[in-house]
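Me: Hi! Could you walk me through a few contacts in this one?

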Amino acid sequence: MVERDAALGRDGLTVGAAAELVGVSVRTLHHWDEVALASPSVRTAAGYRQYTVEDLERLQRIVAYREAGLGLAAVREVLDDAETDAGTTLRRQRAQLAEQIDDLRRLDRRLERMTDAHERGILLSDEDQKNIFGEDWDPRGPQNARNLWGGTDQWAQFAERSAHRTPEQWRVLSDAMSVLQRDLGDAMSAGVAPGSADAEALVERHRELFSNFFTLTREMQVCLGQMFEADPGFAAHYDGIRHGLASWFRQIIDESARMHGIDPDTAVWR
């Protein structure tokens with residue numbers, strides 16, 4: 001309840017004084033006046049409109065309900081509609097707020113996973129990674145990859161997809177990669193020639209499967225093939241599947257690139 005005090009003149013308060021008293025802007029009071037929610041009731045001899053004690057009491061009620069989150073239409077109903085129960089309106093507002101809080105909590109969980117994925121790459125424990133990717137898997141691998149490529153678009157894509165990937169989905173991808181690597185070894189042993197239809201099918205399978213992590217262009221695939229052969233760790237992995245597989249894999253990727261108008265010797269990561 002607003003009490004009469006020295007700030008209140010004989011007729012009332014100006015819009016500026018009223019705004020300061022109830023803690024809103026002059027612009028807000030002008031808007032409430034324009035939509036006929038709360039208007040100054042008296043006019044001075046000089047023609048200035050002023051707020052009375054009753055006007056100020058209404059303004060304070062409006063402010064209270066606005067701070068509780070009610071829209072102007074709901075505030076108008078509470079103040080002016082005799083059939084509207086304020087308690088019912090406020091309970092409805094609380095229910096809507098509870099829904100918003102739940103939405104924000106879900107958003108926060110998604111943001112947390114996205115943040116973790118950008119920092120860790122794979123959101124699995126070390127034990128789960130070994131269970132899914134095999135005992136030879138090094139859980140430090142994703143962190144090493146982030147140290148090398150953390151600022152690239154490809155790492156961002158990898159993290160964004162990783163944030164939403166379940167352990168079972170990781171297992172499916174890991175199994176598919178294992179099958180592909182076994183088929184690569186079998187094809188090499190069977191004498192499949194680079195540039196043949198069978199070799200091209202394997203290269204396409206690899207590009208499509210790898211694109212689950214980030215979009216892999218043909219030029220990027222050439223760069224990967226070169227890395228598989230030149231990097232001691234990758235070379236040991238592929239040659240452990242079948243001796244000479246790292247070089248043969250690079251060869252079938254290079255030949256596929258040539259068939260699509262790409263010179264492997266000048267290919268870059270793009």
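Predicted model: local features only at pLDDT ≥ 70, side-chain atom pairs only at ≥ 80, totals over all residues.

Me: Which residues in α5 and α8 meet?
Reply: From α5, Arg 113, Met 114, Ala 117, His 118 and Arg 120 meet Trp 155, Ala 156, Ala 159, Glu 160 and Ser 162 of α8. Contact here means heavy atoms within 4.5 Å. Helices are DSSP runs (H or I, at least four residues), numbered from the N terminus.

Me: And how do the residues of that contact divide into nonpolar, polar and charged?
Reply: Five are nonpolar, two polar and three charged. Ala, Val, Leu, Ile, Met, Phe, Trp, Tyr, Cys and Pro count as nonpolar, Asp, Glu, Lys and Arg as charged, and the others, Gly among them, as polar.

Me: New topic: where is Asp 33 found?
Reply: Asp 33 sits in helix α2, residues 26–34.

Me: Buried or exposed?
Reply: Asp 33 has a relative accessible area of 19%, so it is buried (buried is under 20%, exposed over 50%, partly exposed in between, with a 1.4 Å probe and protein chains only).

Me: What does its side chain make a polar contact with?
Reply: The side chain of Ser 39, at 2.6 Å. A polar contact is a pair of N or O atoms within 3.5 Å; within protein, one must be able to donate a hydrogen and the other to accept it, and residues adjacent in sequence count only if both atoms are side-chain atoms.

Me: And Leu 56, buried or exposed?
Reply: Leu 56, in helix α3, has 1% relative accessibility and therefore counts as buried.

Technical notes
Residues numbered from 1 in each chain as written. Heavy atoms only, no water. Helix = DSSP H or I, 4+ residues; strand = E, 2+ residues; numbered from the N terminus.
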